[in-house]
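Hi,

Here is the structure I promised to pass on. Have a look at it first, and then read my notes below.

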Amino acid sequence: MNVPLDTATLERFYLDLCRVRRFDERVIELFLKGIVKGTAHSCVGQEAIAVGACAALEESDLIVSHHRGHGHCIAKGAEMPRMMAELLGRETGYCGGLGGSMHIAALDRGILGANGVVGAGIGLGAGAALSAAIRRSGQVALAFFGDGAANEGIFHEASNVAALWKLPFVMLCENNRYGLSTPVALATSVPRIASRAAAYGMPGETIDGNDVAAVHGAVARAVARARAGEGPSLIEALTYRYGDHSMRANLPRYRGEEEEAEARQGDAVERLAEELRTRQVPGARLDTLRADAAAEVEAAVGAAERAKEPREAVLAPAVAAPHIACEEPGAGHPSARELSMTEAINEAIAQEMAREPSVFVMGEDVGRIGGIFGCTRGLLDRFGADRVRDTPISEAAIANMAVGAAITGMRPVVEIQIFDFVTLMMDAIVNQAAKFRFMLGGTPRVPVVFRGPQGGGIRLGAQHSQSLEAWFAHVPGLVVIAPSSPYDAKGLLASAIRDENPVVFLEHKLLYVQSRGPVPAAEYAIPIGRAATLRPGRDVTIIATMAMVPQALKAAAELARDGIEAEVIDPRTLRPLDLDTILASVRRTNRLVVAQEGWTRHGFGAEVVASVVEHAFDWLDAPPERVGMRDVPMPYNDTLERAVIPGSADIAAAVRRTMGRSG
Ligand SMILES: Cc1ncc(C[n+]2csc(CCOP(=O)(O)OP(=O)(O)O)c2C)c(N)n1
Ligand SMILES: [Mg+2]
């Protein structure tokens, strides 16, 4: 049952409906004049959902929006001049002109952002709810999404996890009957999206989304349930967008005029005006509210037009937060014991969890059995199920929720069971985590670590053995770390967890067990972006990563017997890359060999070679050599697997070629 709303509240709703409507009507005008660029998606016709829902939230509650999100922001308290300035791409905009309509956000108002990726906000919102639950903040997170988004995998994965963990989450589907041009009936297997809630054990309700009081009532009930610890709810609010899918409308017509006219009969603003008139609110009062809304929008347009364009100098610092300053103790530290890489990783996570309560671990099988390689063993007993979370096999949800948690005060450490499955997390890592800070103007922090084992050598075949570092090193906004020793693994994982940027932390399965070495027992951190010179040499520089590091050292020892002194450098961090150390070495040795386990072509080594050629061409006495995996997927057969993964002999042969000593 809806609690009857008093007239003053309904007047406020009326004002807000007018503010949202006028704002988007004005944005359309500005778009047609070429002042708002790119595209934007008008919510005219759907305003009651934003207004009713946000009125049922506390100021401290969190919302996640989608591409049609201006109304959500306004209703949650965003300042109109800063919104309009963002749409005009100005310095004073919420994102300083770096985000635009599809990324508009106001973190200080609990608005975690619109999103250019359909459905992504559902995962981020579930993550924000998880963060609220772990922090015991009492906040509720609400995700707005369209009917189209309800067919994305993330809808299903996040529904399951949110219901399973009873998160304080409200899923509010704005069913406007179309996903771009495709009607719901052609896209959705059930007549009512709300009926899907039953599959996940949560309440589902379909409501009239053009009745602001009905929206308010349904959301208030869902919020109360969420706050009481009873878990998420799914609300399907039926509505209609009056305009085309986007302002860049150049599509053939896909809706009938009759349907459009019929839909306008239920106009939310008109209906509320009618209700207010029946409550004896004078027409002049409604005129005043409408005029106030229009004046506020005009003032916002004026301020936005007067605001400056952003300067190019904002770009680079917006990509990544500065890395923490630290000094490493050095592997020969007197208190060092010998640990395996698995043990070193485990110790790093445990120490970081002990020093910082916002650090938590989640992933498949990380709790009860401590991960399939044992990296998280013992953490559940020590830190409890709130902070060490066994998840369903739902990579997209895990990754998106981690991002949602990271932008709301937590420091998630996600284990990717086998790194190849990162393909199912790509949106969260590449489109969300990597770009969040930048899209939102260059100030937010996204402290999340995605860690897991990659690489071959243990006969796991083509889908469990890849080396995928090049994909991530290619993306601005990500930090990519790839240790080769237990000492580096512990210190770099500590840095990764303390860093304010998303980190892809790559571990090598073979090194988990094969690599043992001295590791100081005390906490320490290794600076991000600093290479380690593991063996000095005057004749050739070998840049090796991960499992190729021991191979390179073995090759260097063999070459030394022939009088060739190879310098072996492990970059340790692939992005940002310590180019200074690499260039300084090549300028001394005049020769370069790069060794990586990943495919040679388009690989990380290619980037190193290109950078050296760009900056130290004149110092090179021979063409650089690349050593990497053969250009085939990983075969299962062990002889074949050994044949395609490079080893010390391949590295030594490459070195001899650069020395002109083939054979
Ligand atoms: C993952 C993804 N697929 C496709 C698109 C292109 N696209 C943007 S909005 C949209 C329609 C979304 O429909 P719905 O979720 O119902 O929201 P509505 O536009 O109706 O508000 C599409 C296909 C996208 N941005 N992201
Ligand atoms: Mg839709």
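Predicted model: local features only at pLDDT ≥ 70, side-chain atom pairs only at ≥ 80, totals over all residues.

Where domain 2 meets domain 3, the contact takes 25 residues from domain 2 and 23 residues from domain 3. If you want to find the domain 2 side of that contact, look at helix H17 (469-473), strand E13 (479-481), helix H18 (486-498), strand E14 (503-508) and helix H19 (509-514), which each give two or more residues to it. By class, that side of domain 2 has 13 nonpolar, 9 polar and 3 charged residues.

On the H6 side you'll find Gly153, Ile154, Glu157, Ala158 and Val161, and they meet Ala396, Ala397, Asn400 and Met401 in H15. Sorted by class, this contact has 6 nonpolar, 2 polar and 1 charged residues.

The other pair is helix H5 (residues 120-135) with helix H16 (residues 426-439). Here the axes come within 11 Å and the crossing is at roughly 90 degrees, which makes H5 roughly perpendicular to H16. H5 brings Ala120, Gly123 and Leu124 to the contact, while H16 brings Asp427, Ala428, Asn431 and Gln432. The residues in this contact divide into 3 nonpolar, 3 polar and 1 charged.

**Around the ligand**

Ligand 1 has 14 residues around it, and the closest are Val118, Gly146, Gly148, Ala149 and Gly179. The class count for this shell is 5 nonpolar, 7 polar and 2 charged residues.

**A covered helix**

How many of the residues of helix H4 (residues 80-87) are buried? The count is 8 of its 8 residues, so to speak a helix that is mostly covered. They are Met80, Pro81, Arg82, Met83, Met84, Ala85, Glu86 and Leu87. What do these buried residues pack against? Their partners are helix H1 (7-32), helix H3 (70-75) and helix H11 (283-306). Just after H4 comes Gly89, with a positive phi of about 70 degrees.

**Some backbone details**

Lys166 is worth a click. This residue lies in the loop between H6 and strand E3 (169-175), and its phi is positive, about 50 degrees, although Lys166 is not a glycine. Is Lys166 buried, exposed or partly exposed? A residue needs 20 or more other C-beta atoms within 10 Å to be buried, and 12 or fewer to be exposed; Lys166 has 18 C-beta neighbours inside 10 Å, so it counts as partly exposed. Leaving aside residues up to four places away in sequence, Lys166 touches Gly229, Glu230 and Gly231. For a sense of scale, Lys166 and Asp287 are 121 residues apart in sequence and 45 Å apart in space, C-alpha to C-alpha.

Asp365 also has a positive phi, near 65 degrees, in a residue other than glycine. You'll find Asp365 in the loop between strand E9 (359-363) and helix H14 (379-383). With 16 other C-beta atoms within 10 Å, Asp365 is partly exposed.

Further along, the peptide bond from Arg575 to Pro576 is cis, with omega near 0 degrees. Pro576 is in the loop between strand E19 (573-575) and helix H21 (579-589).

**One buried loop residue**

Last, go to Ala197, in the loop between helix H7 (184-187) and strand E6 (204-208). Ala197 has 22 other C-beta atoms within 10 Å, and therefore counts as buried. Not counting residues up to four places away in sequence, Ala197 touches Met202, Pro203, Gly204 and Leu234. Ala197 and Ala163 are 34 residues apart in sequence, and their C-alpha atoms are 9.4 Å apart in space.

Cheers

Key: Residues numbered from 1 in each chain as written. Chains lettered and ligands numbered in written order. Contact = placed C-beta atoms within 7 Å. Helix = DSSP H or I, 4+ residues; strand = E, 2+ residues; numbered from the N terminus. Nonpolar A, V, L, I, M, F, W, Y, C, P; charged D, E, K, R; others polar. Near = placed C-beta within 6 Å. Axes fitted to C-alpha atoms, helices over the stretch in contact; angles between N-to-C directions. Parallel < 35°, antiparallel > 145°, perpendicular 65-115°, else oblique.
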